[in-house]
Every structure is written in C-alpha cells, then in structure tokens.
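Okay, hi everyone, thanks for coming.

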Amino acid sequence: MATSTRALEAIDVTDPSARPPGPGLVYQWLTTVDHKKIGLMYIVYALLFLVIGGVQAMLMRIQLAVPNNHFIGPQTFNRLFTVHGTTMIFFVAVPVLFGFGNYLIPLMIGARDMAFPRLNAFSFWLSAFGGVLLYLSYFAGSGLYGAGSAPDVGWFAYAPLTSKVFSPGHSTDYWTLAVLLSGVGTTGTAVNIVATAFCMRCKGMTLMRMPLLVWLYIVASCMVFVAVSPLTTAQIMLCLDRYLGSHFFDTQAGGSAVLWMHFFWIFGHPEVYILILPTFAFINEIVPVFSRKAIFGYPAMVAASVGIGFVSLSVWAHHMFTVGMGPAGNTFFVFSTMVVSVPTGIKVFNWLATIWGGKVIYRVPMLFSVAFLFQFLVAGLTGIMLSAAPFDWQLSASYFVVAHFHYVIVGGILFSLFAAFYYWYPKMTGRMMSERLGKWHFWLFVIGFHLTFDFMHIPGLLGMPRRIYTYEAGRGWELWNFIVGVGAFVQGVATLIFVYNLVQSYFRGKEAGPDPWDAWTLEWATTSPPPDYNFAIEPTATSARPLWDLKHPEDQDSSYE
Amino acid sequence: MTQTTAIPISADEQPWILPNKGIVGMWCLIAAEAAIFMIFVVAYVYYLGKSLSGPTPAQVLELPILGTICLLSSSLTVHAAVTALRKGAVRRCTLALAATVVLGSAFLLTTAKEWHHLIYEIGLTIRTNLFGTTYFSLVGLHATHVVVGLLLLTAALLFSLSGRVTEHHAERLEVLSLYWHFVDAVWVVVFLVVYVIGR
C-alpha cells in the first residue's frame, strides 16, 4: 500500500461524518459541547462580525475620501469608530483565534475533546452574547427616544468621558457589559486551553513534542489570565461608577483619569500579543509544510514565545508617553518596548531559516504567510519608531499610529488568518478551497492593503489627527486620504471573493481527503472533517512530527531525538 | 480497509501520567482572579489619603482579629478534610468540612457586622469618598468570593452527609480546597493592605 495512506488506515477507518440535514441540525449546534463545532461557531460568528466591522470601516473611508464631506455626521462617525474598534478586537480577532485554537488543539495533541467541554460551550455563548449586546445598543442605547444609540467613547473609552455626566443614557453601559462578557468568556476559554494542553495529550506527546501551535496558544492563554483580568476589573469599576455612584474615575471626587488609562493599557498592549501569538502559531505550522522542511529551531521558538509573553506584560505605558509620566517612567517603557522586539526577531529569523533551502510550494496559504512575514516586519519597524518617546510625542494620536496598528492587525493578524483558512478549510469541511479564487483574493487584498495602509502613514506625518470626521481642503491630506479610500474598496472586493470562495467551495470544492498538504501533525491523521470522537484509536506520538514518522518508517524523526 | 497497527506504540511501555485537569484549571482560574484582586489592591493603595472628604480609614476601621482567625483556621480544616478523604476516612472528612463551613460563615458574619457599623452608624458608603469606593469594592469582592466558596463547600458537605462522597472524590475536593486556600491568601493581602498599612 502506498505510504501516503498508511496514516489513515492506522488511525481511523470510519466514514467522514455525513453532513446531517434538517431542523434537528439547529438544536444539535445550539446544544453541542464538541470542540470542533464550538470552534466552527466561533469562526463563523467572528466572520459575520468581520463583515460588519469591515462595512463600518468602509463608511468611514467614504466619509474621509474627500475634504469637507457630509456623507455621515460627526456623531455617527464617533459611533462608527468606537464600534468598529470594539468589534474588530473583541468580536472578530479574539473569537476567530480561539475558534481555531478550539478546533485544532485537541486534534493536534491527539485528544478527543477539550478538558472542560461544557465550560467551552459556556465561554462561547458568553462571548457571543457580548457581541449581540454591543449591537443591541443601536436599538436600545438610550431607550427609544433617539437621544443617542451606539457607544461613542472610542474603543479605549478614556475617563472621564465615560462618566454619567458626559455619557448620559445607556450606550456606554452596553459597551462596558459587552466587553465585560467577552472578557469573562475569553478567560474561560483560556483556562480550557491550558488545561487541555497540559492534561489531555496523547501517549508520547511530551511538552517538547507538541506542535508549536499548541505552545503558542498556551503562552497566549496564560497572558489572557494576567492581561484580560485587569480589563474585566476596570469594567467592573466603571459599572460601579455609573450605577452605584462610586468615584474610581470620577475626577470631581479626586478620582484619576490616568488610572483608567493604566488599567486599560495593562490589558491593551498584551492583548496585541495575545492576538499575534496565535497567528505566529499558524505561520509556524504552515511555513514548514510548504517549505517541505521541519521548523528551524523548535526550542528557540518556544523560548522566544515565552519571552514575548513575559516582556510584553511590561510595555503598556508606551501608549501613554504623552500623559507626562516623567523621564524615569518613559525610559523604562521605551526600553522594554524595544526589548520585546528581540524575541520577535528570533522568530522571524527562524521562519526565514525554515524557508531557506526548502522546496517552497507557493499555494495560497504560503502566499499569505510570505506576505505576513514581510508586512509584519514593516509593522514592527514602525512600532520601533513609535516606541521612542520623543518620536511618539510628535505622532501620538495621529494617523501614523492608526496606520501602524492596522499594519499589525491587518497586515499581520488578518493575513495569517487568511493563510490559516486556506490551510485548514479542507480539514474542517472535507473540501479544498478554490486555488484560482484564492489567488485573486490574495493579490487583490495585497494591493488593497498596501494602497490603504502604506499611504495612511503619510497624512499622519503631515499632522492629520485620528478620529476627526472631516477636514478642510488645502492641508495636503486630500490625495492620501483618497488613495486610502480606494485601497479600502479593493480590500472589500477581495474579502467578498474570499467569502464567496468559502461558501462555494463548501458545495463544489474538490474532495480533500484526510491529508491534502502531506503535512506532519496529528490533525491530518484523521478523516476530513474528523468524526465526533476525532480518533478511533488513541494515537501515540513518537516525535514532534508523528505523521512524518508514520509516512517514513525508514527515516523517523524519533531516531534523531 | 482493515484496521492495522495504530501509530507505533513505543516498545518500552512507560506509564503515561498527566496532571489532573481540575487542578491545572483551578490554578489558571486562580491566576486570573489574582490579577483581578491585584488591580483592586492597586486602586486602593493609589487612592490612599486622596479622599477629598472624611471619614478616613484610621477613624473608622478596626482590626478584624476574630474574623481573620476564623478564616485562616478554616484553611487548616479544609486541608484536613482533603487529607482525611484521601485516606478514606469519610466521617472525619465530613466533620472537617462542617468545621470549615462554620468558620467561613463566622468570618462572613464579622464582615457583615463591620459593614453594618460603617454604613448605618458611621454613614460611610461606596458613594461617600474614594476610601469608601475602594474599601467596599475590595472587601466586597473578597466577601463575594467567600460566599461562592461557602456555597461550594456546603454542597460538598451535603453530599458527604448523604453518603455520596468516597475516596475517589479526593481530587475533586482538592480542587475546591485550592480555591478556598486562595480566598484565604487574598484575605491576608487585604488584611495587610487595608487594616495594617492603609490605617
């Protein structure tokens, strides 16, 4: 028998779970505790919000495309950027990354489910309810009086703008409760991921044999404990302020607005790493498979990830250089921010070393990964620029900052997410995504991305502040804003192609088979999509690449360990 | 297709032991909860002496000696319950659980008495000043955790009284005892910050 089928026959002989029809389906999904179904629900839910958040971005770019525009008013604009930011961070990035984690981690470590399946479902529904609550504010924000609807305090909601005096009605309460619920749900999932990775591994899967993806999710989850909790706490304090009349952020009673900033950014900056580490995880899995080489420097990758986890907890106040923390505080945060780029650099070099000398196959997942490497590097470089306090004083709260963090989030996180979609879609649905549409999606998105976010730096350097709803002609910002707007539309078209590809491939895609990429981790050892119990026989790991060992009995990794 | 050998089973059959998932999960929860308390403690310390009006902690707070003794000794009794259950001494476990519930409730009573004194006799509420805001939120959060712990412990006690608890449940009880130890450890911090340093 051919070597490529050995994996399958060894592990599982059940049919791919049939696609069930009918109305019982809804009940089945609503009540499921299966990690794969919950993972898919996370992903689909995040995709819906991605489209909503994208439409909001589009509306804002239309408004800013030409000077003195009156497409939408200032009040609506404030709501749009608040809800856009909150949606994209809390209801797109976090759920989609935890969705992939939910789906992949048990499969990769050869387990049948997460450690706490019911907690898993609970966390998902809690987060999902948070997202619904945020959008409910549009209809119920201040009752039905029309006095105000969606929150308009910005995604970091600085005090004292959030106090009852300046934010009457309930729109800010919707924001607070939505974020609070999302935070609790995230913490629940993080507990689950750590417990799963430590306690559910199959035989032989020692910690240093786990796929790097699992390692990175462990680090990200541990960061959730110490970074998301402060946000949860700050939201509790804000609730107390608004409902019970306490004075945490009430400057009239001696409370401090700066304390909110600290609490928010103690969450806010590690959050960036909580989001970027899982995307590093995708790149760690995709780059070796499409370079036909084992990952370069596995232990260094693990150490660098843990290093990022620790260092990134002490960089938050680089968001606050303009507050006036004094030279000692500024120096510390400049230094720590620059230090965090060292382990990140180690990772980039390891990816390059993995590609180096490999037999690189440029399928769509690899295309997105390569673009990720380049764009993430650029995003890191503007990050280093902003980490220097004097430079930050000039450009804080300008479009340069907006361009920088969108470069990280779109150029880094979203690109590697697209790579992950093309790579694991066959496993999740049993069908391949269309390669032709994928290439269209890739090239259009790359062009749109660079049109938008490369050129967005320039109005920032020219002094354009963020969050303004319009601007006068003659400041030299018109051309750049117009290009940015055009780029946004190209990205929108590319995203539509992607969504079409997702739907179309589900029905018409080529049958994928269990292992379409000839990969080496355990999720490819079972059918696509996997049965409810994942593996008919519990697998055993003999090395970091169990499937390689199985496919190449004459040259096993385990003989080099 | 027939089922042939599974992924090779290593020849040397070493025992494959993994940590208990309940205990790992509880440690994770403790990490997250510790971060929450940390922020409240930071807020308390940051706002020490910044209230624009009275009363101040020195004027109204008294050392809660009795409550502290009760709560800290309940840590010992819950530990005794776990040790007893591991050895299969179900009756001793039940007794120790009952003692824990009584001691925890006693602590809660002393807190309730203190709050009653502050709110009704002194007139200090969460709205009065920054001290009231930070004091009631920090101590209140801790008391909430005591209530949750007491509910869980009472459930364990009821199960144990109805004879459903056996040696096999030792690890589960250990998860609960971990949480209870954490609640006690937080009290040590709160005690030091609020009643010793902050006064």
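Let's start with a question: what percentage of the 561 residues in chain A is made up of buried residues? The answer is 54%. Before I go on, please keep in mind that this is a predicted model, so everything I quote is computed from it.

Staying with chain A, its secondary structure comes to 17 helices and one strand. How does its radius of gyration sit against the rule for a compact globule? A compact globule with 561 residues would have a value near 24 Å, and chain A has 24 Å, so the two agree. If you draw a box along the principal axes, the C-alpha atoms of chain A fill roughly 75 × 50 × 45 Å. Now take the contacts in chain A with a separation of 6 or more: 82% of them are between residues 24 or more positions apart.

Next, chain B. Here the buried residues make up 37% of the 199 residues. Its secondary structure comes to six helices and zero strands, so if you read the elements from the N terminus on, you get α-α-α-α-α-α. For the radius of gyration, a compact globule of 199 residues would be near 16 Å, but chain B has 22 Å. Its C-alpha trace spans about 80 × 40 × 30 Å along the principal axes. And for contacts with a separation of 6 or more in chain B, residues 24 or more positions apart account for 85%.

Now, where do the two chains meet? On the chain B side, 35 residues are in contact with 38 residues of chain A. Two helices of chain B, H1 (21–46) and H5 (130–161), each supply at least two residues of the side that touches chain A. Which helix gives the largest share of that side? That's H1(B), with 13 residues. Sorted by class, the side of chain B that touches chain A has 22 nonpolar, ten polar and three charged residues.

Okay, helix packing. Two packed helices are described by the angle between their axes and the distance between the axes.

Pair one is in chain A: helix H14 (residues 399–429) and helix H15 (residues 435–461). Their axes come within 8 Å and cross at roughly 165°. That angle makes H14(A) roughly antiparallel to H15(A), because angles over 145 degrees count that way. The crossing of H14(A) and H15(A) is left-handed. If you want to find the contact on screen, look on H14(A) for residues including Tyr399(A), Phe400(A), His406(A) and Tyr422(A), and on H15(A) for residues including Phe449(A), Phe453(A), Met456(A) and His457(A). The residues of this contact divide into 13 nonpolar, five polar and no charged.

Pair two brings H14(A) together with H12(A). The axes of H12(A) and H14(A) come within 8 Å and cross at roughly 160°. These helices are therefore roughly antiparallel to each other, and H12(A) passes H14(A) in a left-handed crossing. By class, the contact of H12(A) with H14(A) has 17 nonpolar, eight polar and no charged residues.

While we're on H12(A), let me point at one residue in it. Ser387(A) is found in helix H12 (residues 364–387) of chain A. Is Ser387(A) buried or exposed? It counts as buried, because it has 21 C-beta neighbours inside 10 Å, and the cut-off for buried is 20 or more. Leaving out residues up to four places away in sequence, Ser387(A) touches His318(A), Val334(A), Thr337(A) and Met338(A). For a sense of distance, Ser387(A) and Thr172(A) are 215 residues apart in sequence and 31 Å apart in space, C-alpha to C-alpha.

Residues in H3(B), among them Leu71(B), Leu72(B), Val78(B) and Arg86(B), meet residues in H6(B), among them Glu174(B), Trp180(B), Asp184(B) and Trp187(B). The residues of the contact of H3(B) with H6(B) divide into eleven nonpolar, five polar and three charged.

Technical notes. Residues are numbered from 1 along each chain as its sequence is written. Chains are lettered from A and ligands numbered from 1 in the order in which they are written. This is a predicted model: local features need pLDDT of at least 70, side-chain atom pairs count only at pLDDT 80 or more; totals for chains, interfaces and linings use all residues. Helices (H or I, at least four residues) and strands (E, at least two) are DSSP runs, numbered from the N terminus. The radius of gyration is taken over C-alpha atoms; the globule rule is 2.2 Å times the number of residues to the power 0.38. A residue is buried if 20 or more other C-beta atoms lie within 10 Å of its own, exposed if 12 or fewer, and partly exposed in between; C-beta atoms are placed from the backbone. Two residues are in contact if their C-beta atoms, placed from the backbone, lie within 7 Å. Ala, Val, Leu, Ile, Met, Phe, Trp, Tyr, Cys and Pro count as nonpolar, Asp, Glu, Lys and Arg as charged, and the others, Gly among them, as polar. Axes are lines fitted to C-alpha atoms, for helices over the stretch in contact, and angles run from 0 to 180 degrees between N-to-C directions. Angles under 35 degrees count as roughly parallel, over 145 as roughly antiparallel, 65 to 115 as roughly perpendicular and the rest as oblique. A crossing is left-handed if the near helix is turned anticlockwise from the far one by less than a right angle, and right-handed if clockwise.
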